[in-house]
Structure formats: structure tokens, C-alpha cells
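Please look over the model shown here. The report below works from the whole chain down to single side chains.

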Amino acid sequence: MLIVLNIYVTFFLIKATARFTHSPLLSARLIVSSVIGSLFSLVMLLPRINFLLLFTVKVLAAFIIVLIAFEKRRPKEYVKLCIYFYIMNFVFSGVIMGFKYLFRPDYIAVKNTFVYIDTSLMSFVIFTAAAYFIICVARLWLDNGSSADGNYSVIIKNKEKIISLDALADTGNSMTDVFSGKPVIICPGHILQQIIGEEPSCEEVYDKMASSSVIKGIRLVPYSTIDKTGMIPAFIPDEIIIRKNDNYHKVDALIGINQGKNMAIFNPKLLY
């Protein structure tokens with residue numbers, strides 16, 4: 001039960017880290033890292049250990065979990081993800097500890113900073129869902145203050161195709177997919193020429209994308225401007241990288257197609 005519980009907790013913490021850093025996740029990696037990460041909870045069964053050793057174990061656990069969960073990245077990005085994962089872990093443990101000492105329930109056990117909660121699965125699901133919602137709200141609040149300047153490129157990888165576009169960081173692009181909560185990077189329609197072999201007209205874009213065998217995750221995303229509202233077709237490529245000079249930032253987003261644009265437009269929140 002301890003391991004099963006911590007598979008769920010680790011899964012939640014990785015998802016929260018990915019959401020907070022706008023980092024893409026593969027389902028297989030997420031599951032494997034959750035299972036392996038849960039094994040560190042067995043430290044709870046050991047006699048109480050000193051802080052230095054416990055801190056070392058926690059840092060090692062965070063590094064291994066992040067290394068497995070997220071695709072190959074530069075050392076600097078791994079360090080950033082480890083820090084955010086550790087923060088999520090600290091916040092989660094802090095909330096549990098606060099609840100324990102405030103209400104003194106008899107179904108929460110904490111030892112060596114690891115937590116065991118003897119309660120119904122539904123109660124635990126509700127608790128973690130609420131915590132995840134709070135993290136998402138915090139991310140949205142921070143996104144409102146995001147800013148960036150400089151020249152950027154957006155690199156889109158889809159199957160064997162690699163497309164590089166000049167890009168603009170613009171806080172005015174607040175488009176978000178309502179189903180996944182992922183931001184949308186608006187790109188010109190000519191990228192479809194390289195992906196599906198033709199550049200369809202405005203009226204044909206969605207149909208051509210939907211009938212293509214090389215594009216996945218197609219949906220219509222609503223948008224709103226000062227003078228009009230509407231829908232633009234979007235899809236999920238294999239990989240998206242935002243580049244500035246020699247800095248590369250892999251992001252989790254959708255690509256939206258707008259025939260009226262001549263460069264990619266993304267919200268700078270993707271860089272934080």
C-alpha cells in the first residue's frame with residue numbers, strides 16, 4: 001500500500017513539475033518514473049536517519065525521477081527540473097504536515113519526511129486533484145507577468161520533418177487548448193507545405209490536416225481579438241523547441257495554423 005500510494009503521489013508531483021515548467025512528458029516515461037520513484041518511499045520503514053543522509057537520498061531520488069521522466073536535455077535544464085520537482089515535493093509534504101499537526105488525524109503517518117495516508121482512495125484523489133488545481137492556478141498567475149525580448153526561433157519536429165521559423169514572444173497570444181490546458185504557438189500556414197506536401201487555402205486547412213496521416217492531435221482552438229472571434233486548427237507535433245542564440249528550450253504546446261501570419265508567435269510564459 002505504501003508503494004502504491006507513492007506511485008500516485010510521484011505521478012502527481014511529476015505532472016505538477018511538467019505543468020509548472022511547461023515541459024513535455026511521454027506517458028511511458030511518466031509511468032516508469034512514478035514506479036521507480038515510489039520505491040524511495042521505503043526509506044520510511046528505516047529507523048530515523050540524520051538530516052544530511054536524508055537530504056542526500058531526497059536529492060538523489062529527485063534526480064533519478066527527473067532523469068527518467070523527461071526526455072534528454074542539457075544539464076542546466078535537468079537541474080532546473082530537479083529544483084522544481086523538489087519544490088513540488090516540499091510543498092506537498094508541507095501541506096500534509098500542516099494538516100497533520102493542525103487537525104491531528106490518526107490516519108496520517110510521517111517518518112523520514114515520507115508520508116503514508118491511511119484513507120479512502122476517493123478522498124486521496126480529491127485531495128491531490130485540489131492540490132494540482134492550486135498549482136495550475138499559481139502557474140496561470142505567474143504567466144500573466146511573463147515577459148521576454150529578443151529574437152527567437154521556433155523549431156518544429158514532426159515525423160522526419162524539421163521546420164525552423166522566426167518567432168516573436170508576445171504576451172497578447174493567450175491562446176490555450178481548453179482540453180489539455182496547453183498553450184498554442186501560432187504559425188503561418190506555409191509550414192503545412194513541408195509537413196503534408198501542400199499549403200491549403202484558409203477554408204481547407206482543417207480538412208487537409210484531418211485527412212493527413214502524418215499529423216496527430218488535431219483540434220479547433222477558439223481565439224478572440226479586439227474585433228473578432230473564431231477558431232483556428234491546431235495539432236500536436238513530435239517536438240517543439242524555442243531557440244534564442246545558443247539557448248534551446250523544449251516546450252509542451254500545440255501548433256496553431258493562421259494563414260495571415262508570416263512568423264511564429266508564442267507567449268513568453270513558455271520560457272519560464
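**Overall make-up**

This is a predicted model. The protein has seven helices and eleven strands. Of its 272 residues, 43% count as buried. The exposed surface comes to about 14,800 Å². Carbon and sulfur atoms supply 63% of that area.

**Helix 2**

Helix 2 runs over residues 27–39 and has 13 residues. From first C-alpha to last, helix 2 reaches 19 Å, close to the 18 Å expected at 1.5 Å a residue. Which residues of helix 2 are buried? They are Leu30, Ser33, Ser34, Gly37 and Ser38. Seen down the axis, the buried residues of helix 2 fall within an arc of 130°, so they line one face of the helix. An α-helix has 3.6 residues a turn, so residues three or four places apart point the same way.

The buried residues of helix 2 pack against helix 1 (2–21) and helix 3 (51–69). The face turned away from the buried side carries Ala28 and Ile31, both exposed.

**Helix 3**

Helix 3 has 19 residues. Its span from first C-alpha to last is 26 Å, close to the 27 Å expected at 1.5 Å a residue. Asparagine 50 caps the N-terminal end of helix 3. A side-chain oxygen of asparagine 50 lies 3.2 Å from the backbone nitrogen of leucine 52.

The buried residues of helix 3 are Leu54, Val57, Lys58, Ala61, Ala62, Ile65, Val66 and Ala69. They cover an arc of only 155° around the axis, which puts them on the same side of helix 3.

Alanine 62 belongs to this buried set of helix 3. Its relative accessibility is 3%. Not counting residues up to four places away in sequence, alanine 62 touches Cys82 and Phe85. The C-alpha atoms of alanine 62 and leucine 81 are separated by 9.0 Å, and the two residues are 19 apart along the chain.

**Aromatic pairs**

How many aromatic pairs are there, counting rings whose centres lie within 6.5 Å? The count comes to three. Two of them are set out here.

| Pair | Type | Centre to centre | Angle between planes |
|---|---|---|---|
| Phenylalanine 20 and tyrosine 84 | tilted | 5.7 Å | 45° |
| Phenylalanine 55 and tyrosine 86 | edge-to-face | 6.2 Å | 75° |

The pair of phenylalanine 20 and tyrosine 84 links distant parts of the chain. Phenylalanine 20 sits in helix 1, and tyrosine 84 sits in helix 4 (residues 75–103), 64 residues apart. Phenylalanine 20 is buried, with a relative accessible area of 12%. Tyrosine 84 counts as partly exposed at 22% relative accessibility.

Phenylalanine 55 counts as partly exposed at 38% relative accessibility. Tyrosine 86 also counts as partly exposed, at 27%.

**A buried serine in a loop**

Serine 23 lies in the loop between helix 1 and helix 2. Is serine 23 buried or exposed? Serine 23 is buried, with a relative accessible area of 5%. Its side chain makes a polar contact with the side chain of threonine 21, at 2.8 Å. Beyond residues up to four places away in sequence, serine 23 touches Ala18, Phe70, Arg73, Leu81 and Asp252.

**A backbone exception**

Lysine 159 is found in the loop between strand 3 (152–158) and strand 4 (161–169). Lysine 159 is not a glycine, yet its phi is positive, at about 60°. Most residues other than glycine have a negative phi.

Terms used: Residues are numbered from 1 along each chain as its sequence is written. This is a predicted model: local features need pLDDT of at least 70, side-chain atom pairs count only at pLDDT 80 or more; totals for chains, interfaces and linings use all residues. Side-chain values use heavy atoms; hydrogens and water are left out. Helices (H or I, at least four residues) and strands (E, at least two) are DSSP runs, numbered from the N terminus. The expected span of a helix is 1.5 Å times one less than its number of residues. Buried means under 20% relative accessible area, exposed over 50%, partly exposed in between (1.4 Å probe, protein chains only). The arc is that of the directions from the helix axis to the C-beta atoms. Contact means heavy atoms within 4.5 Å. Rings of Phe, Tyr and Trp (its six-membered ring) pair if their centres lie within 6.5 Å; planes under 30 degrees apart count as stacked, over 60 as edge-to-face and the rest as tilted. Accessible areas come from the Shrake-Rupley method with a 1.4 Å probe; for residues, only the protein chains shown count as cover. A polar contact is a pair of N or O atoms within 3.5 Å; within protein, one must be able to donate a hydrogen and the other to accept it, and residues adjacent in sequence count only if both atoms are side-chain atoms.
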